Amino acid sequence: MLKKAVKKLQPYIPEEPLSVLEKKVGVANIVRLSANENPFGTSPKVKEAVVNWQFNDARYYPDGDARDLRQAVADYLQVQPEQLLFGCGLDEIIELISRSFLEVNDEVLEPWPTFSEYKLHAEIEGATVVDVPILTNGKFDLEALAKGITAKTKLIWLCNPNNPTGTYLSVVALRQFLQQVPPNVLVLIDEAYIDFVTSAKQPSALPLLKEFSNLLLLRTFSKVYGLANFRVGYAVVPPILIASMQAVRLPYNLNSLSQLAAQAALADQAFIQQTVVRVEQARQSWTEFLKQQGLKFYPSQTNFIFFAAPNALKLKDYLLQHGFLVRGGLRLDWLRVTFGTVAQNKQLQHLISAFYAG
């Protein structure tokens, strides 16, 4: 009864609730640094907006067009409101893109490793995913990606900065790559972590939208805005494609509280800048620590870092027994650590030092 493609799928395994994990492991107050969540929370203005929401409105369907949020995001990004496609997190946007464009035997190009949901949703649609290994420095091999384009290529995914490597690709490099891509191939740049980039004054590929009609940009409120639980993601879509993608989107996919929370979070850019500074400080701390430990890592421009960890599975379990959950399984003997608070980072670094000291 199942689609052939679905029978072969390996499902995305989400994080267990901490309360469940704590009971299973027998460790109280586990700190989750495995899901790239924001340890600094979200703007107090979000709580104020949500608390003051009229509960009587719960019986009504939400604004299916997210008009107020749409206008706020359009003003912030300086794009046309009609170009915005909202989803229940970027997960739904990724699903929407795959459902809208991919057919059986189409090809999807992506660097590897990268965010696994690109591949998952492509495979559901029966498409073939072509992985192009990253370079030894963790960056994308743009030359190999360009050479990998065939007559069957429909989509190219570029997570920038990339998850799990944390590496960032400049707008100049992106422009040079896009110039090599045929106009009938859609390039998708996932900027979930773009707000954390401090190595460039204007890190986003937004200006390229005016130059390339086959470019689609993705953003989320889950990371720097600290709204992962509210599930708000969106894409800036070429005008020629937006009507068809809106037709595929579920009509009431974004509830009123999520729209309200996102709008309040977007309005408090002072809070966002504070978060960016704190993340940058944490990133410097982890960079210095890993250098001192002699552990290979990729230069991060995100709120996490990916590093080579000998006996990674044992280290991961050791850290869990001491109250810290980090992300393994992305590459053999590598771990990804989301930055925590200053105190959490220091404690975790001390544990890693102790583990390798024997």
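Q: How do the residues lining the largest cavity divide into nonpolar, polar and charged?
A: In this predicted model, the largest cavity has a volume of about 60 Å³. Its lining is made up of Tyr76, Asp195, Arg219, Thr220, Phe221, Tyr225, Tyr234 and Leu266. Sorted by class, these lining residues come out as five nonpolar, one polar and two charged.

Q: Which residues line the second largest cavity, and how do they divide by class?
A: The second largest cavity holds about 40 Å³ of space, and the count of cavities of 30 Å³ or more comes to three. The lining of the second largest cavity consists of Asp63, Gly64, Asp65, Ala66, Arg70, Phe86, Arg249, Asn253, Leu254 and Gln259. By class, that lining has three nonpolar, three polar and four charged residues.

Q: What is the order of the strands in the open sheet of seven strands, and which are the edge strands?
A: The seven strands form an open sheet with mixed pairing, and their order is S2-S8-S7-S6-S5-S3-S4. Each edge strand pairs on one side only, and the two that do so are strand S2 (84–87) and strand S4 (128–133).

Q: By what angle are neighbouring strands of this sheet turned against each other on average?
A: The strands in question follow the order S2-S8-S7-S6-S5-S3-S4 in the open sheet. With direction ignored, neighbouring strands of this sheet are turned against each other on average by 20°.

Q: In which sense do strand S6 and strand S7 pair, parallel or antiparallel?
A: Strand S6 covers residues 186–190 and strand S7 covers residues 215–220, with four bridges between them. Within this pairing, leucine 188 has leucine 216 of S7 as its bridge partner, and isoleucine 189 stands opposite leucine 217 in S7. The sense of the pairing between S6 and S7 is parallel.

Q: At about what angle does helix H9 run to S2?
A: Helix H9 spans residues 239–248 and lies across S2, S6 and S7. Of these strands, S2 (84–87) is an edge strand of the sheet. The angle at which H9 runs to S2 is about 25°.

Q: Which helix gives the largest share of the lining of the largest pocket?
A: The largest pocket has a volume of about 1,400 Å³, and its lining of 44 residues has Tyr12, Ile13, Pro14, Phe115 and Arg327 nearest the centre. By class, the lining divides into 20 nonpolar, ten polar and 14 charged residues. Helix H5 (89–101) and helix H6 (117–124) each supply at least two residues of this lining, and the largest share, four residues, comes from H6.

Q: Which helix gives the most to the lining of the second largest pocket?
A: The second largest pocket has a volume of about 540 Å³ and is lined by 22 residues, with Tyr76, Leu77, Ser204, Leu206 and Arg219 nearest its centre. Two or more lining residues are given by helix H4 (67–77) and by helix H11 (269–293). The lining as a whole divides into eleven nonpolar, seven polar and four charged residues, and the helix that gives the most, with four residues, is H11.

Q: Is serine 98 buried or exposed?
A: Serine 98 is found in helix H5, and, with neighbours within four places in sequence left aside, serine 98 is in contact with His121, Ala122 and Glu125. A residue counts as buried when its relative accessible area is under 20%. The relative accessible area of serine 98 is 0%, so serine 98 is buried.

Note on methods
Residues numbered from 1 in each chain as written. Predicted model: local features only at pLDDT ≥ 70, side-chain atom pairs only at ≥ 80, totals over all residues. Heavy atoms only, no water. Pairing = 2+ DSSP bridges. Axes fitted to C-alpha atoms, helices over the stretch in contact; angles between N-to-C directions. Contact = heavy atoms within 4.5 Å. 1 Å grid on protein atoms, 1.4 Å probe; cavity = no way out; pocket = protein on both sides within 12 Å on 5 of 7 lines; lining within 4 Å. Points joined across faces, edges and corners; volume = space filled by probe spheres on them. Nonpolar A, V, L, I, M, F, W, Y, C, P; charged D, E, K, R; others polar. Buried < 20%, exposed > 50% of the residue type's maximum accessible area, 1.4 Å probe, protein only.
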